[in-house]
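Please read this note beside the model. It is meant for someone who has not seen the structure before.

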Amino acid sequence: MFHFSKTLAFLPQFLTGACITLGVSALGFLVGTVIGFGLLACGRSRWRVVRWIGALYTSFIRGTPLIVQIFVVYYVLPGLVGIDLPPLLAGVLALSFNSAAFVAEILRAGLTRIPAGQYEAAKALGLKPVVIWFKVIMPQLFRAIIPPMVNEFTMLVKASSILSVIAVVELTRTAQNIMNVTYRPVEAFCMAAVLYFIVLFSCSLLTRHLERKAQGARA
C-alpha cells in the first residue's frame, strides 16, 4: 500500500530539487545555444580546418554517452586547466557541451528551410550581411526551430537526472536521498515523476503557444 504522508513531508526538498533540475537545464540550454551558434559558424567557415574542427566536435559529442562527457568535465577537465570545478558548475558545463552539438544540427537544419532566394533578394537590395542575418534570416530561423529547440530542452531536463552521479542534488538525487530516509522508494520516485511531468508538460504547452504565435506572425 502507498503511504505518502512521510514522503509529502519532504515536499520542500522535492521542490528545491525540481528548481535545481530546471535551473541547470536552462543554463545548459542557454550556454549550449551560444556554443551551437559558434559551431554553426564553424560549419559555414571558408576555412576547411575550422569546418573540420566543428564537425569533429559534433561527431564526438553525438557519438559518446552523456555520462562519459559528465565524468570528463568533472574529473578530467580540472586536471587540464588546473581549476577544480564544483559539481553544479561541472554539470552545467557538461549539459552545455552536449546540447551545443544538437543545437548546431537544429540550426543547420533550420537554415536549409529558408529559400536561397531570401539571401539573393536581400543582397540585391544592397543590405549588409549583418542586416541580412538579423533582419531577414534570424526571424525566419527562430520560427522554424521552435519545436526542435523546445524538444532539445525537454531532453536536457530528462538528461539532467544523470548529474546525480557527480553529487548534484537535483530532483532524482533528492528522491534517492528521501528514499533513504523514509524507506519508501515507490512514493519518493512517484513524487519525482509527477514533478518531472509537470515541468515537461509545461514545456509542451509553451511549445504549442509559441507555434501559434509564430503562425500568427507569419499570417
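The points below go from the whole chain to single residues.

1. Basis of the note. This is a predicted model, in which local features need pLDDT of at least 70 and side-chain atom pairs count only at pLDDT 80 or more, while totals for chains, interfaces and linings use all residues. Residues are numbered from 1 along each chain as its sequence is written, and side-chain values use heavy atoms, with hydrogens and water left out.

2. Overall fold. The protein chain has nine helices and zero strands. Helices here are DSSP runs of H or I with at least four residues, strands are runs of E with at least two, and both are numbered from the N terminus. The C-alpha trace spans about 70 × 50 × 25 Å along its principal axes.

3. Of the 219 residues in the protein chain, 37% are buried; buried means under 20% relative accessible area, exposed over 50%, and partly exposed in between (1.4 Å probe, protein chains only). Among contacts (heavy atoms within 4.5 Å) with a separation of 6 or more, 78% join residues 24 or more positions apart.

4. Annotated segments. An unreviewed UniProt entry carries the annotation "transmembrane region" for residues 20-42, 54-76, 88-107, 127-146 and 186-206. UniProt positions follow the numbering used here, feature names are shortened, and annotations may be inferred rather than shown by experiment. In the model, residues 20-42 are 100% helix and 0% strand, with end C-alpha atoms 32 Å apart. For residues 54-76 the figures are 87% helix and 0% strand, and the end C-alpha atoms lie 21 Å apart.

5. Ser25. Is Ser25 buried or exposed? Ser25 sits in helix α2, residues 11-43, and counts as buried because its relative accessibility is 0%. A polar atom of the Ser25 side chain lies 2.6 Å from the backbone oxygen of Thr21. Leaving aside residues up to four places away in sequence, Ser25 touches Leu95, Phe153, Leu156, Val157 and Ser160.

6. Val72. This residue belongs to helix α4, residues 66-81. Val72 has 37% relative accessibility, so it counts as partly exposed.

Terms used
Polar contact = N/O pair within 3.5 Å; in protein donor to acceptor, adjacent residues only side chain to side chain.
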